[in-house]
Amino acid sequence: MTVDALTDVAGLRVGHATRIGGGWLTGTTVVLAPEGGAVAAVDVRGGGPGTKETDALDPRNLVRTVEALVLTGGSAYGLDSATGVMAWLEERGRGVRVGPDPHHVVPVVPAACVFDLGRGGDFRARPDAGMGREAVEAAAVSEQGAAVAEGCVGAGTGAVVGMMKGGVGTASAVLESGVTVAALVVANAVGSVLEPGTGALYGELVQGLMSCPATEVHEAARVRLAEAAASNAVPPLNTTLAVVATDADLSKAQAQKFAGTAHDGIARAVRPVHLLNDGDTVFALATGARPLAAQDPLALNEILAAGADLVTRAIVRAMRAAESVAGPGGVWLAHRELYGARTGGASVAARSSRRSSTTRSSETP
């Protein structure tokens, strides 16, 4: 049974740490690999990236596998959350072995950040090592194949796309070969996900889903978005992050190609993309459970194509799962607030109340 999420790749777990209220609107998401790690690679195309340990993933360099990846809010400050993940891994002897003792390890934890500073009202409210530990612990205690929370959670808590609320989304597919491919995104881009003339989501148009909002609905949404943007002090900066994963047995070079083609999925769903004030970064993970057909040099192609498609679908899911936020940092309207949810919805106030009962706030010890 699949849950249409990154966790459909057997062995991968996802954990979120979320802060909302008291000046906070940010969080951290950790993707935890099976013990022993997964082959990892990265492709960075935005002009303003904030990353950690990405050089280690170059196919020319030593490190082949990683135990965890970190996606985080807080811009470059938030990269400190990876320190908490490193400490958690070190305590369990998980990392690159550098000595004879089982605990002589150096966990290599690649990380990338999105800009959400000040969106909750306090510029200094950003993820730290404690939030990274919270997220990896949440991943570690989750069940194999568990559903992944989407929308305004983890690294997507303070995400904004264009003038509209963004968030976390995920999707998966099982290919004809039996290989599983999946994606998880944090949608937080300078560009827009909406076709300006109709209000349709670019990502749905490229999937052949041609349903468009009524003209009057789209016009009303445009007015509300413009009004909200004019009242917000924090600009809609940057970045779309993604993790694409598969249970296929890939080399680091193949994994890097997988990460690179997955950027096509961002470009289909967000326009413009890869700007100087974006930091668009895609990580790739391969757990190696299924061999590629050695006799077919093009066997990787179906994985590459699926990865890009799933990134597009995950961005759509992030936008549809996001909820509006109104607070001291600004008003960020969600797609469902502007265009209607597929399965109904509640008022912004009601959703804020529901979140506050399930999400740790800044006052939580």
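This report covers a helix pair, the nonpolar cores and some backbone features of a predicted model.

## Helix 5 against helix 6

Helix 5 spans residues 252-269, and helix 6 spans residues 301-321. Their axes come within 7 Å. They cross at roughly 40 degrees. That makes helix 5 oblique to helix 6, because angles from 65 to 115 degrees count as roughly perpendicular and those under 35 as roughly parallel. The crossing is right-handed.

On the helix 5 side, the contact is made by Lys257, Phe258, Thr261, Ala262, Asp264, Gly265, Ile266, Arg268 and Ala269. Helix 6 brings Ile303, Leu304, Gly307, Ala308, Asp309, Val311, Thr312 and Ile315. By class, the residues of this contact divide into nine nonpolar, four polar and four charged.

## Nonpolar cores

The largest nonpolar core has 49 residues. Val193, Ile303, Val311 and Ile315 have the most contacts inside it. Helix 6 gives the largest share, ten residues.

Isoleucine 315 belongs both to the helix 5 contact and to the residues with the most contacts inside the largest core. Leaving aside neighbours within four places in sequence, isoleucine 315 is in contact with Val185, Ala187, Val193, Thr240, Gly265, Ile266, Ala269 and Val270.

The loop between helix 5 and strand 15 (281-290) holds proline 272. The peptide bond from arginine 271 to proline 272 is cis. Its omega is near -10 degrees.

Histidine 274 has its place in the loop between helix 5 and strand 15 too. Its phi is positive, about 60 degrees, although histidine 274 is not a glycine. Histidine 274 counts as partly exposed, because its relative accessibility is 24%.

## A positive phi at serine 75

Serine 75 is not a glycine, yet its phi is positive, at about 50 degrees. Serine 75 is found in the loop between strand 6 (68-72) and helix 1 (81-91).

Key. Residues are numbered from 1 along each chain as its sequence is written. This is a predicted model: local features need pLDDT of at least 70, side-chain atom pairs count only at pLDDT 80 or more; totals for chains, interfaces and linings use all residues. Side-chain values use heavy atoms; hydrogens and water are left out. Axes are lines fitted to C-alpha atoms, for helices over the stretch in contact, and angles run from 0 to 180 degrees between N-to-C directions. Helices (H or I, at least four residues) and strands (E, at least two) are DSSP runs, numbered from the N terminus. Angles under 35 degrees count as roughly parallel, over 145 as roughly antiparallel, 65 to 115 as roughly perpendicular and the rest as oblique. A crossing is left-handed if the near helix is turned anticlockwise from the far one by less than a right angle, and right-handed if clockwise. Contact means heavy atoms within 4.5 Å. Ala, Val, Leu, Ile, Met, Phe, Trp, Tyr, Cys and Pro count as nonpolar, Asp, Glu, Lys and Arg as charged, and the others, Gly among them, as polar. Buried means under 20% relative accessible area, exposed over 50%, partly exposed in between (1.4 Å probe, protein chains only). A nonpolar core is a set of buried Ala, Val, Leu, Ile, Met, Phe, Trp, Tyr and Cys residues joined through side-chain atoms within 4.5 Å.
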